[in-house]
Amino acid sequence: MTTLETFEKYVIPNYTRYPVTLVRGEDSWVWDEDGKRYLDFFPGWGCNMLGHCPKYVVEAVREQVGKLIHIPNSWYSQEQGEWARLLSERSFGGKCFFCNSGTEANEAAIKLARMYGNERKRYKIVTFYNGFHGRTMGSVAATAQPKYQQGLGPLLPGFIYAEYGNLDEVKKIVENDDEIVSIMLEPIQGEGGVNVPSREFLTGLRELCDKNDILLHFDEVQTGCGRTGEWFAYQLFGVTPDLMTLAKTICGGITGGALVTRQEFAPYLKPGMHAATFGGNPIAAAAGIATIRQIEEHNLLENAKRNFELFKKRFLELKEKTDVVTDVRGCGAMVGMELNINGTSIVQKCMENGLLINCTHGTVIRLLPSITLTEAQINEGCDIICDAVMNA
């Protein structure tokens, strides 16, 4: 029985899968079971920000597995405490709650916001169209995209949707509703099309929250831990949130998520109100520590910034050659190229030619490559993308 036949018989088909079985990865390369090698510009759906099987993470996990695999959070863990310290010191000095995924981190943040709002008689949260916050019931209600909500109603009440980047609309919502407790958004929308807001929009939200005793929650599940060339995307804009949710990149490919909150808001997540059995386990913590260590020792934040300029140059040159490309945007290892055609065929053509990429929102070629990419790898991948676009 082939792998595809085994899946057909035993695995729920809730994913659309390519007919390729991947068996090995190294850095930005991955191999299928037939021995074909692919250059991966979308490794692990953005989770493998250090590439496949990064040395520091592999070594840390191997060592940790031989010492302690899992303990419940009713005991203290040296690794979890150190991981929290490293994240806190590289962000805004807050406290951490650890879980296993981005949607879990957002569930924790929604609970904290509601606990904060109880004594203020508030519970509503403003989120934004084309945002994405996960697939559990609270997170999917926060995600202002009907395609993810179909058939799941009634949804968790209390979410109000606004246009991303429209500060005036948010102001009107807050002015006309005294039950708003939190504003929740991605500082750069990922799944929504790599949408980068203005500094004025995020600054205005911060001022609005301060004026009205509202929590500002940045969902940095996709942008956090070095993706944008800064430790966290909020640092690009000089706007500090009250709550920040993380996952994907923070463990170098190992499962992990976190909520980081300012010190004064941490007590609202009381004992018994929220938990994650495997959250912050020794293996995830060891991987998280190793991820931070590798980024710093190899100056990978600067590499991410340099690499974006290389991508931008290649894709703007492509834009000059064809009207198929309408926009190029992003930062660090987060690249979006807007097309005026559906990008599905581009993804397929690139895969046939040994390059893995993604298309989101139908027309945006989205790249979330490793921040370890070399200039040669970037040019090799861009050659394949440019050829696919020119021949679309």
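## A tryptophan and its neighbours

Which residues does W83 touch, not counting residues up to four places away in sequence? In this predicted model, the partners of W83 are F98, I250, C251, G280, A284, A285, G288, I289 and I292.

W83 also belongs to the largest nonpolar core, which holds 62 residues. Together with F128, I183, L185 and L205, W83 touches the most other members of that core. The element that gives the most to this core is α9, with eight residues. Another core lies apart from it and has 29 residues, including V325, L339, C350 and L355.

## The whole chain

Let's step back and look at the overall fold. The protein chain has 12 helices and 15 strands. Its C-alpha atoms fill a box of roughly 60 × 55 × 45 Å along the principal axes. A compact globule of 392 residues would have a radius of gyration near 21 Å, and the chain agrees with this at 21 Å.

Of the 392 residues, 56% are buried.

Now find helix α10, which runs through residues 300-321. This helix has 22 residues and reaches 32 Å from its first C-alpha to its last, close to the 32 Å expected at 1.5 Å a residue.

Its buried residues are L300, L301, N303, A304, N307, F308, F311, R314, F315 and L318. They cover an arc of only 140° around the axis, so they sit on the same side of α10.

## A four-stranded sheet

Four strands make an open sheet with mixed pairing, in the order β1-β2-β3-β13. β1 and β13 (355-356) stand at the edges with a single partner strand each, so one side of each has no neighbour in the sheet.

Strands of a sheet pair through backbone hydrogen bonds, either parallel or antiparallel. Here β1 and β2 (residues 29-32) run antiparallel and are joined by four bridges. To see where they face each other, look for G25, which stands opposite V30 in β2.

## A threonine in a loop

Is T21 buried or exposed? This residue is found in the loop between α1 (3-10) and β1 (22-26). T21 counts as buried because its relative accessible area is 15%, and buried means under 20%. Leaving aside neighbours within four places in sequence, T21 is in contact with T3, L4, W31, D32 and E33.

Terms used. Residues numbered from 1 in each chain as written. Predicted model: local features only at pLDDT ≥ 70, side-chain atom pairs only at ≥ 80, totals over all residues. Heavy atoms only, no water. Helix = DSSP H or I, 4+ residues; strand = E, 2+ residues; numbered from the N terminus. Expected span 1.5 Å × (residues − 1). Buried < 20%, exposed > 50% of the residue type's maximum accessible area, 1.4 Å probe, protein only. Arc of directions from axis to C-beta. Core = buried A, V, L, I, M, F, W, Y, C linked by side-chain atoms within 4.5 Å. Contact = heavy atoms within 4.5 Å. Pairing = 2+ DSSP bridges. Rg over C-alpha atoms; globule rule 2.2 N^0.38 Å.
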